[in-house]
Amino acid sequence: MRFKNEISIVLVGEAGQGIQTIETVLTRTLKAAGLHVFATKEFMSRIRGGSNSTTIRAASSPVRAYAEEIDLCVLLDGDAYSWIQERITPDTLVIGDPAVYDHLDELIPLPLADLAKQVGEKIYANAVACGFVIGLLGLKSALLEKTLEELFGGNQEVLDKNLRASRLGLEQGEATAKEKEWFCDLQTNPQIAGQLFLNGSEAVGLGALTGGCNFIASYPMSPSTGVLQFLAKYAERFGLVVEQAEDEISAINMGLGSWYAGGRAMVSTSGGGFALMGEGLSLAGGIESPMVIHLAQRPGPATGLPTRTEQGDLDLALYAGHGEFPRMILAPGTLEEAFECARLAFDLADASQSPVFILTDQYLLDSSYNVPELPLPAEPDEHHIVETSADYRRYALTESGLSPRGIPGYGQGLVCVDSDEHDEAGFITEDAEVRTAMVDKRLRKFKGLRSEQTVKHHLFGPTDYRRLLVGWGSTRLAIEEALARVGDPETAFLYSPQVYPLSEQVQEHLQGAQRLIVIESNATGQFARLIQRETGRQADACWLQYNGRPFSVEALEHRLRQEVTS
Amino acid sequence: MTTNMFVREGCDIAWCPGCGNFGILKLLTAAMAALELDQQQTVLVSGIGQAAKIPQYMQVHFFNGLHGRALPVATGIKASNPNLTVIAESGDGDMYGEGGNHFIHCIRRNPDLTNIVHNNMVYGLTKGQASPTSQRGFETPLQPAGVILEPFNPLAVAIALEASFVARAFVGHKEQTLDILQQAIRHRGYALVDLLQPCVSFNKLNTYQWFDENTAYLDENHDPHDRIQAFASALEEDPLRLGVFYRKEKPLFEDQLLGHKKEKKPLFQRQVNLEEIRRLVQEFNG
């Protein structure tokens, strides 16, 4: 037996058992070997016990989406098999401890507990498992050892034990491959070893830093916490104010205070946390403050499925906040786009004096893969702050709707902002004419956002399509791969990270479709409704999934084949 | 006397005739002028309510935000530009009710800001309901049988949380209040001034006369560094004590932030270091 030009490895175990470490060790080692690597995890909302898994795809050509198929499955505890069972096929190689899985006929035995005990403690079963996978694939032990040295080099004793455990596993893996006559001929490319490897939270965090983010106040909430922690880690190095707020209400108000004083602030939260920020969002609209909101979606309503994924908060981002005011929503679908959207969000918010959302989800944030580079700009963004004159008026009426934004302590004027309806100088008014003029002014700002296409859209597949698939956010890469697998000459896929406002170019593409299919990870087709609201074009079908799991490439491929042949 | 630059002349003031807020407006602008605060470097932050309208009647930078949210906004401003003098000002409903959680956590942070609370023990703007500081038995259209809740004691809470400056003043005592306000603004760290003021329209119980008769200054030998003594004084109700109850030197929130360790400039003067970001990105090639 020979592995194809790609291999899919799934490791399953309890929370607290170190699945995250295994994922890190294996992805690093596989990439160092010169393979394209994708990893995504799913986990339960608990600190210990339960079942967690990581899916790792390694291939000769780029892989960037979640696939259900498993070539190699490593069971790390007694409950793992039942958790993963439905993804196991007759072709899957199932590896586990024979002492635990004595009833599984197809089991390839790996005495994890015994080997770990030879080294010391139970926890070294992880290194045994990593060694086994690397040995089975016939990859060099030196690559694995180098990874372990990088990760555990700070503690010689721990490193030595990990090295010993991994060697024991590696020997078993090599012996098993030899005995069963398996070999691996995955084509490797040494250039990949030097590429970047990061996850969605890191991509958003790096984008925010590049966009000039220098203030973040947030309350921890899965799956948004990764971005907050990323920025906290680099607070000193990049001169960034980071505060864990007492609640989300405080967080967004601190952020608005920061923008008022000249900072470039963001908040990172999830649906339940953002629900509390509604009044702050409306305040941003009323005082015409820039604001960057990273809204990391997870299934709701209420606390929903805290550690799983969904695209259920588009309507929330679109309609949250009382009153009428402009906003913008960016929903990245790749790590490069997550970086780009987070970077652009600061300039867009600053330039439009409006809130800008970066709408992500658990799947995107917790997925990682190799990217050749991130698109760093040549120059930092310019800030859109003006030095005030003595007669400065914060809300001066202008044709564009944008009044020059001053900050206290820079210039001769006074910067007066008020959440009540206000006149040009920022003072409270109930004058009917001023009220109308201020509403018009605020809404005029939106024209600029709508007419420009700020973030590039993509059309995959034929340009003379009959059937058009539309997805948004993190479904992008699975749809792309499914489309490539099916290769139908009449089906294209339209995708824009800028989901609101929809640019005119995107609208033209939509109008040209004979059959429009919108694919979303929610139950009611929120993006399809948005498209209809903005363009009048109703979707002919919606492919929806809302079980808390990401769309798999296979599920979309299957659906598309049915569609094409019907 | 020279013109007070913090006074905004000729504006239409929305307060009722005789309102205690007029006195606070006068005393606050006088305190700011006496301290010779730099107008360009002074920001007033307020929430919602009649007290929160105070910056509208002043010549000052202001952020008049949402109900109860003045302290988070003020904290965000101070942390983003520590050179600014920041005063957060609002009523008892705003600061102790809607903003109660922020009040607690702002004290824990200890940013260098002054928190002036106009305490009239009633909700004026919504026409006379109980506030967190209303006394038991206080009858209102919403509490027809009288307030049954224990009144919130802001001073005791602040001292329990080891706030760095805790004072109570009464607007009817001009000289002493002016002095307390100046001390509070000068103080480095979070400074609370619970400022008693009558609501002449909706609180017929806690009038000028009532405050006069039911308040008394702390003893001359009161030691503001003695936390136990300060706490005991804060619990006194008959009479309510006035003066500076407690003082403590504490590290400032903004001074301890990692983001201000290497880089001292206000955030608006900072540049993105693309070279350093490029180096960081390269650390992800492992």
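Student: What makes the strands from β17(A) to β7(B) an open sheet, and in which order do they stand?

Tutor: In this predicted model, nine strands run in the order β17(A)-β2(B)-β1(B)-β3(B)-β4(B)-β6(B)-β5(B)-β8(B)-β7(B), with mixed pairing. A strand is a DSSP run of E with at least two residues, a helix is a run of H or I with at least four, and both are numbered from the N terminus. Two strands pair if DSSP finds at least two bridges between them. β17 (416–418) of chain A and β7 (215–217) of chain B each have a single partner strand, so one side of each is without a neighbour in the sheet, and they stand at the edges. The twist from one strand to the next averages 20°; axes are lines fitted to C-alpha atoms, for helices over the stretch in contact, and angles run from 0 to 180 degrees between N-to-C directions.

Student: How do you know that β1 and β3 of chain B pair, and in which sense?

Tutor: Five bridges link β1 (residues 42–46) and β3 (residues 85–91) of chain B in the parallel sense. Pairing requires at least two bridges, so the term applies to β1 and β3 of chain B with their five bridges. Within this pair, B:T42 is opposite B:T85 in β3(B). In general, strands of a sheet pair through backbone hydrogen bonds, either parallel or antiparallel.

Student: Why are β18 and β23 of chain A called edge strands?

Tutor: The open sheet here has five strands of chain A in the order β18-β20-β19-β22-β23, again with mixed pairing. β18 (458–460) and β23 (541–544) of chain A each have a single partner strand, so each has one side without a neighbour in the sheet. The twist averages 25° from one strand to the next. β19 (residues 467–471) and β20 (residues 491–495) of chain A run parallel and are joined by five bridges, with A:G471 opposite A:Y495 in β20(A). Helix α17 (residues 476–486) of chain A packs on this sheet and touches β18, β19, β20 and β22 (515–520) of chain A; the helix direction makes about 165° with that of β20(A). Contact means heavy atoms within 4.5 Å.

Student: How many residues of each chain count as in contact, and what area is buried between chain B and chain A?

Tutor: The contact takes 70 residues from chain A and 55 from chain B. About 5200 Å² is buried between the chains, and carbon and sulfur atoms give 64% of this area. On the chain B side, B:F63, B:F268 and B:F284 lose the most area to chain A, together 14% of what that side buries. Buried area is the accessible area (1.4 Å probe) that two parts lose on being put together, summed over both.

Student: What makes one space a pocket and another a cavity?

Tutor: On a 1 Å grid over the protein atoms alone, a cavity is a set of points where a 1.4 Å probe fits but cannot get out; a pocket is an open set with protein on both sides within 12 Å along at least five of seven lines, and lining residues have an atom within 4 Å of a point. The largest pocket holds about 1100 Å³. Its lining has 38 residues, with A:Q20, A:T24, A:K41, A:N199 and A:E202 nearest the centre, and α1(A) gives the most, seven residues. There are four cavities of 30 Å³ or more, and the largest cavity has about 90 Å³. Helix α10 (residues 248–260) of chain A gives the most to the lining of that largest cavity, three residues. Grid points are joined across faces, edges and corners, and a volume is the space filled by probe spheres set on the points.

Student: How do you know that the peptide bond between A:G300 and A:P301 is cis?

Tutor: Omega is about 0° at this cis bond, and A:P301 is in the loop between β13 (291–297) and α13 (314–319) of chain A. A cis bond with omega of about 0° also joins B:D238 and B:P239.

Student: Which conventions apply to the numbering and the values?

Tutor: Residues are numbered from 1 along each chain as its sequence is written, and chains are lettered from A and ligands numbered from 1 in the order in which they are written. Because the model is predicted, local features need pLDDT of at least 70 and side-chain atom pairs count only at pLDDT 80 or more, while totals for chains, interfaces and linings use all residues; side-chain values use heavy atoms, with hydrogens and water left out.
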